Amino acid sequence: MAERGCARAAQGGRAGAGRRAVPAPEAEGPRGSRTVPGSLERRRCLYLRTGRACCQMVEVLLAALILVCSSVSCGSAGGYTGLPALGGIYYYQYGGAYSGFSGADGERAQQLDQRFYLLKLPIAKAAMVVGGCLLVFPCVLILVGVLQVPWHFPAWLLIECTLHIVIAVGTVPALYYFLHSLLSVYNSSVCKEREQLYQSKGYQGFWCSLHGAEIAAGLLGCMAAMAYLLSAGLAVRDYRTVHEQKQKPLQL
């Protein structure tokens with residue numbers, strides 16, 4: 001009996017040695033899941049490292065800067081503020097130093113400041129609304145990319161490409177309207193009279209011309225338009241990638 005048991009054990013050992021080790025199959029993901037390079041990576045955390053996500057983050061930064069620069073024109077009226085408790089003496093509101101304005105000149109300075117502020121207010125508000133929309137839009141696209149919506153619904157990439165092109169093209173007339181409206185305000189009689197009044201008292205910095213924040217807003221708008229065109233091209237590239245990957249057979 002012992003000999004038979006040893007013989008069987010030897011035969012089993014030979015048979016086992018002749019067999020090849022078969023690795024255990026890896027756990028398969030959901031049906032249709034594949035690894036897609038670039039901005040269509042299946043892992044959500046890797047999406048933020050893709051070219052399209054980086055371009056969208058640049059769009060967020062540019063929109064935030066546009067919003068900040070536009071808000072400068074929507075700030076205080078500037079100039080001089082009347083203090084009735086001081087007998088009609090007008091003080092420079094930023095420094096508190098004696099302004100040299102009194103009586104009719106001080107009242108006229110306040111009126112011109114207020115009228116000039118009201119002329120610029122609608123333009124500044126419109127620019128802030130546009131900047132806010134440009135800030136929200138790429139944030140939504142980043143969220144959509146993290147949730148892998150383009151992989152499950154590839155047509156979204158074509159919709160995204162169309163929206164990018166529309167925004168990029170629409171930025172051009174928006175910038176023209178913004179700068180043209182500001183120049184119209186600066187060429188108005190209110191601005192000219194205000195500039196002359198302040199210059200008569202020896203104050204500089206009240207010129208009727210575009211200031212740095214407004215010029216920066218225009219340049220940032222041009223950069224945002226180029227970023228949206230680049231995003232449109234990346235969306236088309238990723239759509240082709242998704243289409244090619246879905247045509248391939250499943251790889252275990």
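Does histidine 164 count as buried or exposed, and at what relative accessibility? Histidine 164 counts as buried, because its relative accessibility is 0%, where buried means under 20% relative accessible area, exposed means over 50%, and partly exposed lies in between, with a 1.4 Å probe and protein chains only.

Before I go on, a word about the model. This is a predicted model, in which local features need pLDDT of at least 70 and side-chain atom pairs count only at pLDDT 80 or more, whereas totals for chains, interfaces and linings use all residues. Residues are numbered from 1 along each chain as its sequence is written, and side-chain values use heavy atoms, with hydrogens and water left out.

Now the overall picture. The protein chain has 8 helices and 3 strands, and read along the sequence these follow the pattern α-α-α-β-β-β-α-α-α-α-α; helices here are DSSP runs of H or I with at least four residues, strands are runs of E with at least two, and both are numbered from the N terminus. Of the 252 residues in the protein chain, 35% count as buried. If we take the contacts in the protein chain with a separation of 6 or more, residues 24 or more positions apart account for 74% of them, contact meaning heavy atoms within 4.5 Å. The accessible surface of the protein chain comes to about 15000 Å², and 64% of that belongs to carbon and sulfur atoms, the areas coming from the Shrake-Rupley method with a 1.4 Å probe, where for residues only the protein chains shown count as cover.

Let me return to histidine 164, which lies in helix H6. Once its neighbours within four places in sequence are left aside, histidine 164 is in contact with Glu59, Phe137, Leu141, Tyr228, Ser231 and Ala232.

Isoleucine 159 is found in helix H6 and is partly exposed, with a relative accessible area of 39%. Serine 184 also lies in helix H6, which covers residues 155-186, and serine 184 is partly exposed at a relative accessible area of 39%. From serine 184 to leucine 119 the distance in space is 9.6 Å, C-alpha to C-alpha, although the two are 65 residues apart in sequence.

Next, the aromatic pairs. Rings of Phe, Tyr and Trp (its six-membered ring) pair if their centres lie within 6.5 Å, and planes under 30 degrees apart count as stacked, over 60 as edge-to-face and the rest as tilted. By this rule the count comes to 3 aromatic pairs. In one of them, the rings of phenylalanine 116 and tyrosine 186 have centres 5.9 Å apart and planes at 40 degrees, so this pair is tilted. Because phenylalanine 116 lies in helix H4 (residues 104-146) and tyrosine 186 in helix H6, the pair ties together parts that are 70 residues apart in sequence. Phenylalanine 116 and tyrosine 186 are both buried. Tyrosine 198 and phenylalanine 206 form a stacked pair, because their ring centres are 4.0 Å apart and their planes are at 10 degrees. Tyrosine 198 counts as buried at 1% relative accessibility, and phenylalanine 206 is buried too, with a relative accessible area of 10%.

Finally, a backbone detail. Glutamine 148, found in the loop between H4 and helix H5 (149-152), has a positive phi of about 65 degrees although it is not a glycine. Glutamine 148 is buried, with a relative accessible area of 4%.
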